[in-house]
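This report describes selected features of a protein chain. It turns to salt bridges, then to one helix and its surroundings, and then to the chain as a whole.

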Amino acid sequence: MKGIKTLNMLSAVVLSFSLLAGCGGNAGSADKSTQAANSQFADPDLNIAVFQGGYGREYWDTIAEDFMKDYPGTKINITASPKIAELIRPKIVAGNPPDLMYIAGSDNTSLLDGLVKDHALLDLTDVFDSTPKGETQPLKNKILLGALESRAMAPYGDGKVYAAPFNFGVMGLWYNKTLFKQKGIEVPKTWDELLALNTTAQQNNRALFTYQGLYPGYLEEIIVPSIYSVSKQKGLTDFFDYNPTFWTSDTFRQVWGVLEKIATEDNGLMKGTVALNHTQAQTEFMQGHAMFIPNGTWFEDEMKDAPREEGFEFGFLGVPAFKKGDPVTAMTSVEQIVIPAKAKNPELAKAFLSYLYTDKSVKLNAEKSKGILAVKGAPDLVKEYISDTTYNVYKTVDSGMVAINGSFKSVAKGSKYNPSEEVYNPISSLMNKQMTLDQYSAQMTKLYTELNQELVNNTP
């Protein structure tokens, strides 16, 4: 999944580490006193919760061990799971959250949205304003431009950072590079060109398009760049800031019209798509049953053991433009790490968070998980650990493909709505031809009107 969106393991695992010789996972009070005496931190225990998705967990195990070696006396307990939100939600509700959390994956991010909505995250601004041990500049100077200022990291617009940027992903459409080379197929640069390839797809015994049907949120990877392609930042602002008129605009008609065309044209959408999970749909694509699929830079590593058609080679297209001559775009996103406001050990959590941005950690993350941290120069720093496909996707963005990002405005405190789910989930009905564009437009207009009313009612 979105670095993010994979479910590789079925069970939660809790591991504990200790540098104390002969010390087991149930350290007693005497052991803890010894730890504290050996540590520079008043409380040497840190409990972290991490999403175990397409990037795996090996990075977290190793970086925790490295930190404990560099900060003797500390002990890091890791809880990792593809369903991390389900595991830790009861603790959060009980007021006993983990000290630090890496939450990603479409099944988990609603937990993070809830914490933002409830203003339940610790202000991390001081972490990024501080100069890490052994370095000469504030940590914020290392971070990818614009990341700390984004709505995902600074959700309240108050100039403070409440989430730390982690893996940086690039998303768009993928195709089988070998097929295109062997058949002399031009990579489409506009939506008209892409839709015109339906006949070519049929001649090559495949549908034009598929997507991760049970998780329609994947379609944001083509929707958001396409909104920008039609109406630039104005369209994105209307979409993300709940302007009800967006849903009667020409931008909506053009962008969602592409989806409607794929859904209604013969051979446009691969049969059975809507019932497939992400790995099933991705496997079908790799086996040659569809010509295009949306996904991100984790795709190749996530599916490294999946069956595929002979000669299959990952090719990244980005997202086509609507007008000939306009640039191809791609969506970018940055995963988040947060410290709950009620964390028991914020001092050690902040120290560990800062440690994650060391060059050693950036390289380790790429080596163990193939992830690229949102720090300047990361792709070149970790080039030896990532595939040529992944490196070239990042360099393509560096070389002129327009990178688009954005996120929904925070809803009112206590709101019953999760905007991402409310907007993307009904697309399944569009793709199943159970809902028309007009019906979808009416449902979204009502939603945005109510979201705005909630914000007005919540204003002091």
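## Salt bridges and a helix

E135 has a relative accessible area of 30% and is therefore partly exposed. The model in which this residue is seen is a predicted one. The side chain of E135 meets that of K142 in a salt bridge, with an N to O distance of 3.5 Å. K142 has a relative accessibility of 18%, so this lysine counts as buried, the cut-off for that class being under 20%.

E313 and K181 are joined through their side chains in a salt bridge, at 3.4 Å from N to O. Because E313 lies in the loop between α12 and β8 (314-318), while K181 belongs to helix α6 (residues 177-183), the pair ties together parts that are 132 residues apart in sequence. E313 is partly exposed at 30% relative accessibility, whereas K181, at 57%, counts as exposed.

D301 and K304 form another salt bridge, and their closest N and O atoms are 4.0 Å apart. D301 has a relative accessible area of 22% and is partly exposed; K304 reaches 55% relative accessibility and counts as exposed. In total, the structure holds 15 salt bridges, including those in the table.

| Salt bridge | N to O distance |
|---|---|
| K142 and E135 | 3.5 Å |
| E313 and K181 | 3.4 Å |
| D301 and K304 | 4.0 Å |

Helix α14 spans residues 359-369. Which residues of this helix are buried? They are S361, V362, L364, N365, A366 and S369. An α-helix has 3.6 residues a turn, so residues three or four places apart point the same way. The buried residues of α14 pack against several elements: α2 (58-70), β5 (164-176), α12 (299-302), α13 (346-355) and α15 (378-381). After α14 comes K370, which has a positive phi near 65 degrees.

The wider chain gives the setting for these details. The protein chain has 19 helices and 10 strands. Of its 460 residues, 54% count as buried. Among contacts in the protein chain with a separation of 6 or more, 76% come from residues 24 or more positions apart. The accessible surface of the protein chain comes to about 19,200 Å², and carbon and sulfur atoms account for 49% of it.

Key. Residues numbered from 1 in each chain as written. Predicted model: local features only at pLDDT ≥ 70, side-chain atom pairs only at ≥ 80, totals over all residues. Heavy atoms only, no water. Buried < 20%, exposed > 50% of the residue type's maximum accessible area, 1.4 Å probe, protein only. Helix = DSSP H or I, 4+ residues; strand = E, 2+ residues; numbered from the N terminus. Contact = heavy atoms within 4.5 Å. Areas by Shrake-Rupley, 256 points an atom, 1.4 Å probe, with all protein chains shown as cover.
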